[in-house]
Amino acid sequence: MPADTLLTAVRNYLELGPTHTCIMEPITKGASGRTIIRLKPEGFPTYIGIHYTLDRKDNANYLPVSRFLSEAGFNVPEVIYDNPGRRVALVEDLGDVDLLSMKGEPWEKREPIYRSAFEQLDKLFYTRPPKDLEFQPEFDETMYRWEQDYFYDQVADEYLQMNPAVVDELSGHPALAQMAKDLGASSRNLVHRDFQSQNIIAHEGKAWLIDFQGMRRGRQEYDLASLVYDPYMDHSAEDRQRLLELWEEVSEEEPIAPILQKCATQRLMQAMGAFAKIGRQPQQEWYLQHIPTAARILREVIAGSDLEEPLLPVLDEIDSL
């Protein structure tokens, strides 16, 4: 059992006896296929225990990517103990406050955390990893097409039960193929891959990155779009503009509008596919409530572009539910 394995790990690390009290508090947010538990051994600091399987290939990347980011000076939780043979790790407990939990806070309180998050993102652009560090498959044309197919498979086919012939025609639209080709041909730098509000912890006035095991090479704008157009946060137009202005201030660079729009489209399609897939699993219905929000944001992002033709029929179906 993962919980027992984590309990054994913390007892081994602290050299605790079998009767020493250790309270375990499951952490249920996220859907990375890992078991994450807050461990509270009596008389010691708390730790976050992570147990992972190899069902998802990116889980095995957590520890090597964590070491790389830590050595490069990024704000990531310190890995205190790890046992790759048993697929467990104990990491620093940074608390429960993430950007999503700050959703109702005024901009003045959220701004320092977003600024710090953007500083991390900007730093990632310029950081060069060791040559022998392997990441997940990069964002090339094939990967972007995979994300598009994931959207049509999980949202249009499985969640909405749309006519398969119609779905095939929509997913094969040349505007989607062109978007994948355009983004896949662009420069490739390191991206977090899931740079959204739940994966940015606010701690000591700064942003700390978690869930970075899916890191790979791609367009920086993909991470930027993941935060600015985050369906969990459902930012107002005013907040989106504030975030983009803050990004320009931090990076000293204005995003290329057509690239940002395409990255936002890809990201929202991927997120909706994940919401539809995970939300159909037992006790994971929480994710389904975000599909209409993501659909509304995606409709705004693609307004007036040639992407409306393959996407609006799906978004209209969502609106009709």
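**From a hairpin to the sheet and its helices**

Strands S2 and S3 form a hairpin in which five residues lie between them, and glycine 43 in the turn has a positive phi of about 85 degrees. The model is a predicted one, in which local features need pLDDT of at least 70 and side-chain atom pairs count only at pLDDT 80 or more, while totals for chains, interfaces and linings use all residues. Residues are numbered from 1 along each chain as its sequence is written, and side-chain values use heavy atoms, with hydrogens and water left out. Helices (H or I, at least four residues) and strands (E, at least two) are DSSP runs, numbered from the N terminus.

How many residues of strand S3 are buried? Six of the six residues of S3 (residues 47-52) are buried, so S3 is largely enclosed by the rest of the structure; buried means under 20% relative accessible area, exposed over 50% and partly exposed in between, with a 1.4 Å probe and protein chains only. In a regular strand the side chains alternate between the two faces of the sheet. Both faces of S3 are covered, with Tyr47, Gly49 and His51 buried on one side and Ile48, Ile50 and Tyr52 buried on the other.

Helix H2 (residues 62-71) has as its buried residues Tyr62, Leu63, Val65, Ser66, Phe68 and Leu69. These buried residues pack against S2, S3, strand S4 (79-83), S5, helix H3 (107-126) and strand S6 (189-191), where contact means heavy atoms within 4.5 Å. Just after H2, glycine 73 takes a positive phi of about 90 degrees.

The remaining description concerns helix packing. Helix H4 (residues 141-159) and helix H9 (residues 257-279) pack at an angle of about 40 degrees, with their axes 8 Å apart; axes are lines fitted to C-alpha atoms, for helices over the stretch in contact, and angles run from 0 to 180 degrees between N-to-C directions. That angle makes H4 oblique to H9, given that angles under 35 degrees count as roughly parallel, over 145 as roughly antiparallel, 65 to 115 as roughly perpendicular and the rest as oblique. Among the residues making the contact are Tyr144, Phe151 and Tyr159 of H4 and Met269, Gly273 and Lys277 of H9.

The axes of H4 and helix H5 (residues 164-171) come within 11 Å and cross at roughly 155 degrees, which makes H4 roughly antiparallel to H5. In this contact Arg145, Tyr152, Ala156 and Asp157 in H4 meet Pro164, Val167, Leu170 and Ser171 in H5.

Notes:
Two strands pair if DSSP finds at least two bridges between them.
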